[in-house]
Amino acid sequence: MAVSKELPSYQKFYSSKTIHIVETLAVKGLFLTHMGRKDEGYELIDRGIEINPRSSISWHMYGIVCRNDQKNDQAIKCYEEAIKADSDNMHILRELAALYTQGRLFAKVVEIRERLVKLNPTFPMFWMGLAVAYHLTGRYDLAIKVISAHESGKNEPPLNKLQISELVLYKNVLMELNGEHQQALEHLKEIRPQITDITAWKEQKAKLLLKVDRKEAAATAYQDLIARNAENNEYILGYLACNGLDINCEKDEDAAIEVIDTLQQQFPTSNRLRFLPLTFTTGDNFSKAAASLVKYSLRKGIPSLFSSLKALYADQWKAAALGTLVEGYATQIRDTQRFSDSTEDEPSSVLMWCQYYLAQHYDYHGDYERALALIEEAVCLAPKIVEPYMIKAKILKHAGDFRGARDIMDFARQLDLGDRYINSKCVKYMLRNNEPDEAEKTFLMFIRDDAPHLVQETLEIQAIWYMCERGHAFRRQGDIGRALKHYHQAIASFDTYYQDQMDFHSYSIRKGTLRTYVDIIEWEGTVYSHPIYQDAARSAIECYAELADLKAAGTPFTPIVHETDSKPLTRNGSSQQGQHNLSAGIGETKVFDVEKDPNGTEFVNSDTLAEALKLVENLEKSCDSAPETHMLAFEVHLRMQKYFLVLKSINALKTIDAEHPALPSMVTRLNQALDTDDSFAASLKGALKSQVSKAFGSTAIDAGTDQSLAALLIAARGMLAIGQTHASQAKDLLMKATDDKYADQRTLLRLLEAKQLLEKCNASESDLAQFSLEAKRLYALATCF
């Protein structure tokens, strides 16, 4: 029954005679919060707690609503108060354990789990949870003891076959982690009849045999695993280790190749066995391995050949060798229609795939004109195949012709309208060309037919790349409000990923999948280090900083109102905004708040620096080793006039990279801010400046700009941040961005950034024209200058 129908049936119970019963207030507050009337719900629960601060039910209800609103820290405090009033309440203890786990407070998880086991020692979920808690705190011996004490005892309810299999395997993993390798191997033999996950058992056996130095038996075990999956890199490396070989050791190269060749004869279809030698071989060994892999891929017509080999291009010799190899093959096929060591003619498609690879090869090296000529040949050889058009679009994008790249990618999309991947690529290229509306129409083509509202569905499917790219497009157009809205949509998706693990703290232990549960806990700890989250968070921080600067300058940003009548928001073409009433069942109505803030006004009018600080703090927790994190922290703290935190950010960046090109600019800006801020206490100012001087000495803002283009751009941004009085100096620096001395560091995006900064310097039309002319000399195909 829906909450909205449940509440009226209790109205008599919540009469004036019983209104001061705290438990009734708490439960009614819980109902109201679930109905969307959160303010009323919180108020009722607060009233109940005021009446009786010792009520465990009131604190429990308060904890539940805080947890539902993702206020986990506050929820923990409420549950702790509830436990003080009712120390043996197992429901509250279980929920508190889940909250502690969510907050990675593993020491406190152990305390709660120990109390639960004392309350009901025969309940499997409690002692399994305690074992996991010991595991998460690194106390593997205690985790083993807990499982040993309870696994064969009386359990209510009893464990099923799958749970027993997972439990004994988990115990074996704990024994391995505790360094008991021989005992773990013996235990593994004992539990074999109980195992249902045979592959996991075989993997554990192979690892343990290797760790106890029984290499011959381990080799047999790994060979058995390779027969099950010859694409698993860990199996192959394990087999090599059994033969005393390490691919990172140069002296083992020839022997490792011999072993891999033997495996290839046994498993001729394994792509991994073909590729692995390329990662550690050199010279003739590399050339031989590359010839085998490349020739096979060209014959098979594998479009991803260059993508799979791209990691090898970090080695210049290997990159040149691969290019020479494929060019030789292209010449052989063009002249004789066969490879030099072959007696049979190759299909015509082989030449096309050679040109396809070489186009990407020269695109990687920045020779866009040659790359385009090669991909045109590939297109002529196979005009109906999608992939050559996609690479042509990619080359044009790298060359600076965003419009041309978008048009070619759209042409490729129309060759195969049923391909979701090419549709997504086309959407991305439209967004890179600053066409968010056209990109939305194309993106929505693959939304499910029964979706009640298309735009709402884009949020439901959590297409984070789309949200982030859409934000970038609006930002380039100067629409900071909508950019922030889309950045926050991407950020919210990651928050959802993290919050969704809450359900697994109970579910995984109840099901007994303890190994996978621990893996989830470890993975969730890294979710905010994902590149798309970092991109969205950093971009949002920069937008908030820009809003704060505009407000400080007396020209606050005004949200841009967009016409939405033509937007295909719903399946029937309606573009109505606001609340959409959709059927959700008999007698019920579901409300979708699909476009409550279409222009991002809420984000623009928020406390911008406070919002930016929240994102900075999360980045500091998840990406503390990234220099960009501390550069953004510097920007936010400087605008908030928190100068000691500004210095902390500078020192953190220096710890990561003492030669980072941003350091001179950051130090200069801090000194300038201290000199101009009369509200900052003189004694503190003196102490801070003394620390800065001692750590960095006398630093010029343009230090290092002669050798580093990155330093030049950072210095120019810093000069503009100080004020327009330094605009002329910034302009002079930026005009040097096209100098030949920066050739090895120069990229299209850096030149575009230099041009944007020039415009902020109020550079003259002649200066901008001169810069564009020099940029087009370097990027002849570019249309973006």
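Okay, let's start at one residue: if we skip its neighbours within four places in sequence, Glu-377 touches Arg-334 and Gln-355, where contact means heavy atoms within 4.5 Å. Glu-377 belongs to helix α21, residues 368-381. Helices here are DSSP runs of H or I with at least four residues, strands are E runs of at least two, and the numbering goes from the N terminus. With a relative accessible area of 37%, Glu-377 is partly exposed. For the cut-offs, buried is under 20% relative accessible area, exposed is over 50%, and partly exposed is in between, using a 1.4 Å probe and protein chains only.

Quick housekeeping. This is a predicted model, where local features need pLDDT of at least 70 and side-chain atom pairs count only at pLDDT 80 or more, while totals for chains, interfaces and linings use all residues. Residues are numbered from 1 along each chain as its sequence is written, and side-chain values use heavy atoms, with hydrogens and water left out.

Now the overall picture. The protein has 41 helices and two strands. Its C-alpha trace spans about 95 × 75 × 65 Å along the principal axes. Of the 785 residues, 49% are buried. If you take contacts between residues at least 6 apart in sequence, 60% of them join residues at least 24 apart.

On to helix packing. Two packed helices are described by the angle between their axes and the distance between the axes. The axes are lines fitted to C-alpha atoms, for helices over the stretch in contact, and the angles run from 0 to 180 degrees between N-to-C directions.

Take α9, residues 140-150, and α10, residues 161-177: they pack at about 150 degrees with their axes 9 Å apart. So α9 is roughly antiparallel to α10. The α9 and α10 crossing is left-handed, meaning that the near helix is turned anticlockwise from the far one by less than a right angle; clockwise would be right-handed. On the α9 side we have Tyr-140, Ala-143, Ile-144, Ile-147 and Ser-148, and they meet Leu-167, Tyr-170, Lys-171, Leu-174, Met-175 and Leu-177 of α10. By class that contact has nine nonpolar residues, one polar and one charged. Nonpolar covers Ala, Val, Leu, Ile, Met, Phe, Trp, Tyr, Cys and Pro, charged covers Asp, Glu, Lys and Arg, and the others, Gly among them, are polar.

What else does α10 pack with? Helix α30, residues 514-524, at an angle of about 55 degrees and with the axes 8 Å apart. That puts α10 oblique to α30. Here Glu-166, Leu-167, Leu-169, Tyr-170 and Val-173 of α10 meet Leu-514, Arg-515 and Val-518 of α30. The class count is six nonpolar, no polar and two charged.

The α33 residues in the contact are Leu-609, Ala-612, Leu-613, Val-616, Leu-619 and Glu-620, and α34 brings Thr-629, Leu-632, Ala-633, Val-636, His-637 and Arg-639. That's eight nonpolar, two polar and two charged residues.

Now, is α36 enclosed or open, and why? Ten of its 14 residues are buried, so α36 is largely enclosed by the rest of the structure. Among the buried ones are Leu-663, Met-666, Arg-669 and Leu-674. The buried residues of α36 pack against α34, α35 (643-656), α37 (682-696) and α38 (709-722).

Gln-70 has phi near 65 degrees, positive although the residue isn't glycine, and Gln-70 lies in the loop between α4 (56-68) and α5 (72-85). Gln-641 has phi near 60 degrees, again a positive value in a non-glycine residue, and Gln-641 lies in the loop between α34 and α35. Gln-70 counts as partly exposed at 45% relative accessibility, and Gln-641 counts as partly exposed at 45% too.

Methods
Angles under 35 degrees count as roughly parallel, over 145 as roughly antiparallel, 65 to 115 as roughly perpendicular and the rest as oblique.
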